[in-house]
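Dear colleague,

Please find below the structure that I am handing over to you. My notes on it follow directly after.

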Amino acid sequence: MTRVLVVEDDPQLVRALVINMQARQYGVDAAPDGATALRLAAARQPDVVMLDLGLPDMDGVDVIKALRGWTRVPILVLSARQASDEKVAALDAGADDYITKPFSMDELLARLRAAVRRVEDVPLAPTTTLVTTDDFTIDLLAKRATRGGHDIRLTPTEWHLLEILITNPGRLVTQKYLLQEVWGVSQSNKTNYLRVYMAQLRRKLEGDPSSPRYLITEPGMGYRFEG
């Protein structure tokens, strides 16, 4: 099922969008403001984001920039703003399409289908088994890490964490997901586990562990691997 995140503060429009999309077998989450949208995007990993620019807590363009910091999910902007410079600002920030209100539901659903199709048409990268950076090399098949020509000893838990992050390059992996996958728990009060192990991984892999280049923290949300 294709999952859509609707970011819109007009409850009547949200209701119409949810009814129309659910009737066509889309899964829908709704957020009334930017902060909720960013939290839901990280937790639910939607396939498409529909975003109103005029939100009560922050400008929609800032939401686009925040999302583009970690995800390539298609973003469809829905806005009453007609000025071309505002459209350009949204597209420059990373939006994929711009639909001006008022719009017909048929047009919106056609644009939604096109956005989903574009993603499906991109061939998936073959599963990476060897990851090379300027500072270290990870061979996932051999379960071997090397730095400066020397083997690095990693514990099974460190490997498991590193493997999840490396196989999702550039993508935010939530604390909850990592805790569930590695330790089988999802309580947020166990995030100290993650902090300890991420610090160990950085000490072993990063050139400057205090200013990491590869194992990036997204405060309050999770971690990202940047190759």
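Strands β1 and β2 (residues 27–31) pair in the parallel sense over five bridges; strands count as paired if DSSP finds at least two bridges between them. Helices (H or I, at least four residues) and strands (E, at least two) are DSSP runs, numbered from the N terminus. Within this pairing, Val4 stands opposite Val28 in β2. From β1 the chain passes through helix α1 (residues 11–23) to β2, and this β-α-β crossover is right-handed, that is, with the strands pointing away from the viewer, the path from the first strand over the helix to the second runs clockwise.

The model is a predicted one: local features need pLDDT of at least 70 and side-chain atom pairs count only at pLDDT 80 or more, whereas totals for chains, interfaces and linings use all residues. Residues are numbered from 1 along each chain as its sequence is written, and side-chain values use heavy atoms, with hydrogens and water left out.

β1 also pairs with β3 in the parallel sense, over four bridges, and Val7 stands opposite Leu51 in β3. Four of the five residues of β1 (residues 3–7) are buried, so the strand is largely enclosed by the rest of the structure. Buried means under 20% relative accessible area, exposed over 50%, and partly exposed in between (1.4 Å probe, protein chains only).

Asp52 is found in strand β3 (residues 48–52). UniProt, in an unreviewed entry, places the feature "modified residue: 4-aspartylphosphate" at Asp52; its positions are given in the numbering used here, feature names are shortened, and annotations may be inferred rather than shown by experiment. Asp52 counts as buried because its relative accessibility is 5%. Leaving aside residues up to four places away in sequence, Asp52 touches Val7, Glu8, Asp9, Gly60, Leu78, Ser79 and Lys101, where contact means heavy atoms within 4.5 Å.

The structure holds one aromatic pair. The ring centres of Phe136 and Tyr214 are 5.0 Å apart and their planes are at 75°, so the pair is edge-to-face. Rings of Phe, Tyr and Trp (its six-membered ring) pair if their centres lie within 6.5 Å; planes under 30 degrees apart count as stacked, over 60 as edge-to-face and the rest as tilted. Phe136 lies in the loop between β6 (130–132) and β7 (137–139) and Tyr214 in the loop between α8 (191–205) and β11 (215–218), so the pair ties together parts that are 78 residues apart in sequence. Both Phe136 and Tyr214 are buried.

Yours sincerely
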